[in-house]
Amino acid sequence: MPQELLGDLDDHVGEEGKFVNRSEAIRASIRKTLDLLDEIDERQGRQTDER
């Protein structure tokens, strides 16, 4: 993973951040991205119920 992305994630980790640790931040980011991609697919008629 590029250092620039890790730095951006680390800005949101810790006592003053949204996430407890880096791995939690990465998981949340991936989940959010996948949700957005599902919304795009649904709008484009590409979403299927098969998972």
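**View 1. How much of the chain is buried in this predicted model.** Of the 51 residues, 10% count as buried, where buried means under 20% relative accessible area, exposed means over 50%, and partly exposed lies in between (1.4 Å probe, protein chains only). The accessible surface of the chain is about 4,600 Å², and carbon and sulfur atoms hold 49% of that; these areas come from the Shrake-Rupley method with a 1.4 Å probe, and for residues only the protein chains shown count as cover. A word on reading these views: residues are numbered from 1 along each chain as its sequence is written, and side-chain values use heavy atoms, without hydrogens and water. Because the model is predicted, local features need pLDDT of at least 70 and side-chain atom pairs count only at pLDDT 80 or more, while totals for chains, interfaces and linings use all residues.

**View 2. The overall layout of the chain.** You will find two helices and zero strands here (DSSP runs numbered from the N terminus: helices are H or I with at least four residues, strands are E with at least two). The radius of gyration is 14 Å, well over the 10 Å that the globule rule gives for 51 residues, so the chain is more spread out than a compact globule. That radius is taken over C-alpha atoms, and the globule rule is 2.2 Å times the number of residues to the power 0.38. Along its principal axes, the C-alpha trace spans about 40 × 20 × 15 Å.

**View 3. A salt bridge between Asp 10 and Arg 22.** The two side chains meet at 2.7 Å, N to O, and the pair links distant parts of the chain, with Asp 10 in helix H1 and Arg 22 in helix H2, twelve residues apart. A salt bridge here is a side-chain nitrogen of Lys or Arg within 4 Å of a carboxyl oxygen of Asp or Glu. Asp 10 counts as partly exposed because its relative accessibility is 31%, and Arg 22 does so at 34%.

**View 4. A salt bridge between Arg 46 and Asp 41.** Here the side chains meet at 3.1 Å, N to O. Asp 41 is partly exposed, with a relative accessible area of 25%. By the salt-bridge rule, the count comes to two.

**View 5. Asn 21 in the loop between helix H1 (3-10) and H2.** Asn 21 is partly exposed, at 34% relative accessibility. Its C-alpha atom is separated by 17 Å from that of Pro 2, 19 residues apart along the chain.
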